[in-house]
Amino acid sequence: MAKPKTGSSTLPLGQLSDFLQRQPFDDRELAEAIARILEDGGVFDSHDHAIYLDFFRRLHAGNHDPELWPRLSTGSLLLGAPIFVAWHDLLSGHCGSNWQQQIDHLAWQALAVQLGYATPRQKAVRQSHTLDPGTGLPNTNALGQLLTQARERTEPGKLTALLHIDFGSAMRSCSNHTLLVAAERLRAMQRHYDSLLLIDRHTLGLLLPNLSGSGHAMLAAHRAMALLAEGLELGGLTVRLHPQIGIALSPEHGSEPSTLLSAAAQAAHEFTQNGIGLYDPGRDWLGLLIRDLEHPLREALLNNRFQIVFQPQLTADGRQLHGMEALLRWHDETLGQVAPNQLLRVAEHLGLMSSVTQWIINAAMRRYRELLDQDLPGTLSINLTPSNLRDPELPAFISNACAIWRIPGDRLVFEITESAVIDDLDSALRVLEQIKSLGCRLAMDDFGTGFSSLTYLKRLPIDEVKIDMSFIQEMRHSRRDADIVQSVIELAQRLGLLVIAEGVEDEATCQLLQGMHCNVIQGYIYSRPLAPEQLPGFWQTLAAGDVSA
């Protein structure tokens, strides 16, 4: 595409339009090219595709629309250059050399305007990180600014609502295309001052200023539900989505972005009826838990007040120590013994999970090094949470900890659950592959309880499977559960995976698992979690039992 010379004359747009009326341009190939460029750029949006195509059709009819660029999402706007090059090449081939100068001029003129719009948007993205790069939608970093704008548009006595539209129960991690198609459908109910945003890989947010009350917000949620239930065209299929929609109201339920997000998410997950729920502070057990635990938890983390215990894992016959799982314990002087699941839930919510996990890794490796120095056999297993697998610095931290405590990578097993990878599988895979490169093993914990367990057996670089205790503890009473356990063991072993049964508490269940050729058993049948200093004695007792046998 030749850049027009300064001062060069061009034929009027009307003459090009007259020519195209006599020699019509078939824009089907152009439509395909636009779609391909948008999709390859990871920001396919049929709304923006239609804007581009409408612009070119108007141009061919002699009408130049200067409002093209402001109407495009940022992702589509930044792809303007390759789209105009594709249009230039296709139209030049159709019109011939007599029209080359005019087409060059139009393309360069449009790209000069595009640059004027694109440059500040690119700068804003780099500086604020408020747009999701895959979809071009505002992300949660933009919520503060969006809330400020919403309050400015909200009349006295009225309120702003945040709708938390979670597709997780149906689709778990959605593609960029799916999210954009869903967002486009929701635009049908948007007023010009409403805002759509991306909360996570399976959740959209809809910020609605100037509502008359909670009933108005409920009507909006029902409208969103109805639009999504009409069906979306995805890959040639019509998919009807039935999300969980939570509603939080500002200022009633919070004024800060994090508070409002948490309330809306809690409403979606805890308070829904027929898929829609309004946040209720009186029923928010997590909010009450955070109120009680936040300060003590921060103090405990700062002052090293947690404890590590190890639960032994034995070969199925109970004769050899296969390894041990590191478990976190916290006894607070005022609160008493705090349940680990409560501790971790609050830590995740407060953004402290990375620090807690680093504490666990360091403390567990330090105590494990002491056991290795006493020649104890077996591996050390450490649990990872969903936020850990979104932390690109985690593999380097593990590598440094291994060096500090002189722990070979092949003596470590990191346990993950399906929920830990489901939000963003690609990011989780990158982190897991780096951990594997250190020589560490990976185990799928709570196997069998998720939506897509067999898919993850195929896609994740795991070495071990831990069958969820909900199946193990019902084996004696349920033939179906016993058959599931048997099938999991057989499938996993065919794939070369080691199988661990957790939560084994009685001899009858232990014998069933031995008959199924389960590799490793963990549970009270062999040992409760032990303080690290108790492990040598346990191992010696175990070894003595082997000798007598």
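Visitor: Which residue of strand 12 stands opposite Ile-382?

Guide: In this predicted model, Ile-382 has Phe-414 of strand 12 opposite it.

Visitor: What makes strand 11 and strand 12 a pair?

Guide: Pairing requires at least two bridges. Strand 11 (residues 379–383) and strand 12 are joined by four bridges and run parallel, so they qualify as a pair. Between them the chain passes through helix 16 (residues 394–405), and this β-α-β crossover is right-handed.

Visitor: Why is strand 12 described as mostly covered?

Guide: Five of the five residues in strand 12 (residues 412–416) are buried. Leu-412, Phe-414 and Ile-416 point one way, Val-413 and Glu-415 point the other way, and all are buried.

Visitor: How many of the residues in the protein are buried, as a percentage?

Guide: Of the 549 residues, 51% are buried. The protein exposes about 25700 Å², of which carbon and sulfur atoms supply 49%. Its secondary structure comprises 23 helices and 16 strands.

Visitor: What is the order of the strands in the open sheet of five strands?

Guide: The order is 2-3-1-6-7, with mixed pairing. Strand 2 (195–200) and strand 7 (276–278) are the edge strands; each has a single partner strand, so one side of each lacks a neighbour in the sheet. From one strand to the next, the twist averages 25 degrees.

Visitor: How do you know that strand 2 and strand 3 are paired?

Guide: At least two bridges are needed, and five join strand 2 to strand 3 (residues 203–211), which run antiparallel. The two strands therefore meet the criterion. One of the positions involved is Asp-200, whose bridge partner in strand 3 is Thr-203.

Visitor: Which strands does helix 8 lie across?

Guide: Helix 8 (residues 143–152) lies across strand 1 (159–166), strand 2, strand 3 and strand 6 (244–250), at about 20 degrees to strand 3. Helix 12 (residues 257–270) lies across strand 1, strand 2, strand 6 and strand 7, and runs at about 145 degrees to strand 6.

Visitor: Why does Ser-527 count as buried?

Guide: The cut-off for buried is under 20% relative accessible area. Ser-527 has 6% relative accessibility, and therefore counts as buried. Ser-527 lies in the loop between strand 16 (520–522) and helix 23 (535–548). Leaving aside residues up to four places away in sequence, Ser-527 touches Gln-311, Pro-312 and Phe-538.

Visitor: What makes the contact between Glu-230 and Arg-185 a salt bridge?

Guide: The limit is 4 Å between a side-chain nitrogen of Lys or Arg and a carboxyl oxygen of Asp or Glu. For Glu-230 and Arg-185 the N to O distance is 3.7 Å, so the pair qualifies.

Visitor: Is Asp-194 buried or exposed?

Guide: With a relative accessible area of 7%, Asp-194 is buried. Its salt-bridge partner is Arg-191, the closest N and O atoms being 2.9 Å apart. Arg-191 is partly exposed, at 26%.

Visitor: What separates Arg-479 and Asp-483 within helix 21?

Guide: Arg-479 and Asp-483 are four residues apart in helix 21 (residues 479–494), which means about one helical turn. Their closest N and O atoms are 3.1 Å apart, and they form a salt bridge. Arg-479 has a relative accessible area of 63%; the threshold for exposed is over 50%, so Arg-479 is exposed. Asp-483, at 35%, is partly exposed.

How values were computed:
Residues are numbered from 1 along each chain as its sequence is written. This is a predicted model: local features need pLDDT of at least 70, side-chain atom pairs count only at pLDDT 80 or more; totals for chains, interfaces and linings use all residues. Side-chain values use heavy atoms; hydrogens and water are left out. Buried means under 20% relative accessible area, exposed over 50%, partly exposed in between (1.4 Å probe, protein chains only). A crossover is right-handed if, with the strands pointing away from the viewer, the path from the first strand over the helix to the second runs clockwise. Accessible areas come from the Shrake-Rupley method with a 1.4 Å probe; for residues, only the protein chains shown count as cover. Axes are lines fitted to C-alpha atoms, for helices over the stretch in contact, and angles run from 0 to 180 degrees between N-to-C directions. Contact means heavy atoms within 4.5 Å.
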